[in-house]
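Notebook open, structure on screen. I'm jotting down what I look up, one entry at a time.

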Amino acid sequence: MKDYLIISSSVELLRVALEDIMFISSDGNYSSIVLTNGESRMVTLQLGQLEKMISERVKRDIVRFIRAGKSLIINCDYIFLINLSKQQIVLSDGRLSTHTLSASKDALKRIKEAIENEIL
């Protein structure tokens with residue numbers, strides 16, 4: 001059974017399977033949820049609020065999310081490439097969707113080490 005992120009407002013309900021979320025980026029009080037099918041949805045929540053909502057919903061063995069700096073949460077299942085020198089991380093679903101994102105060297109180092117040590 002899938003776990004869902006559910007965001008409800010007075011006029012709209014967003015229900016998305018956690019495994020379909022590739023990454024979430026933020027800009028102030030707004031966050032953009034990007035899905036594996038390329039669709040993107042802007043929500044009026046800060047990244048910290050979304051991080052908390054995801055952690056309450058996620059089952060440890062199904063989908064793994066990690067905060068990669070102050071404005072990015074990534075689904076580690078879609079990490080394709082980490083390039084420390086260019087400060088880039090490439091996420092791919094292996095079929096249709098590929099995204100190249102910028103992140104701090106420190107955040108990328110932590111993610112790289114976690115993957116190398118099989119923590120994620």
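This is a predicted model: local features need pLDDT of at least 70, side-chain atom pairs count only at pLDDT 80 or more; totals for chains, interfaces and linings use all residues.

**Strand pairing.** I started with E3 and strand E7 (residues 72-75), and found that they pair in the antiparallel sense over three bridges.

Next I followed E3 (residues 21-27) to its other partner on my list, strand E4 (residues 30-35). These two also run antiparallel, and six bridges join them. Here I picked out serine 25, which has serine 32 of E4 opposite.

**The turn.** I then looked at the hairpin that E3 and E4 make, and counted two residues between the strands.

**Salt bridges.** How many salt bridges does a search of the whole structure find? I got six. One I wrote down is between the side chains of arginine 41 and glutamate 12, at 3.8 Å from N to O. Arginine 41 belongs to strand E5, while glutamate 12 is in the loop between E1 and E2, so this pair ties together parts 29 residues apart in sequence.

**Rings.** I went looking for aromatic pairs and came back with zero. I did find a charge over a ring, though: the charged end of arginine 15 sits over tyrosine 4, 3.7 Å from the centre of its ring.

**Second largest pocket.** Last entry. I noted about 170 Å³ of space in the second largest pocket. Which strands each supply at least two residues of its lining? They are strand E1 (4-8), strand E2 (13-17) and strand E5 (40-43). I sorted the lining residues into seven nonpolar, three polar and one charged. Among those lining this pocket are Ile7, Val11, Leu14, Met42 and Thr44. Glu12 is on the lining list as well, and I had already met glutamate 12 in the salt bridge with arginine 41.

How values were computed:
Residues are numbered from 1 along each chain as its sequence is written. Side-chain values use heavy atoms; hydrogens and water are left out. On a 1 Å grid over the protein atoms alone, a cavity is a set of points where a 1.4 Å probe fits but cannot get out, and a pocket is an open set with protein on both sides within 12 Å along at least five of seven lines; lining residues have an atom within 4 Å of a point. Grid points are joined across faces, edges and corners, and a volume is the space filled by probe spheres set on the points. Helices (H or I, at least four residues) and strands (E, at least two) are DSSP runs, numbered from the N terminus. Ala, Val, Leu, Ile, Met, Phe, Trp, Tyr, Cys and Pro count as nonpolar, Asp, Glu, Lys and Arg as charged, and the others, Gly among them, as polar. Rings of Phe, Tyr and Trp (its six-membered ring) pair if their centres lie within 6.5 Å; planes under 30 degrees apart count as stacked, over 60 as edge-to-face and the rest as tilted. A charge sits over a ring if NZ of Lys or CZ of Arg is within 6 Å of the ring centre and within 35 degrees of the ring normal. Two strands pair if DSSP finds at least two bridges between them. A salt bridge is a side-chain nitrogen of Lys or Arg within 4 Å of a carboxyl oxygen of Asp or Glu.
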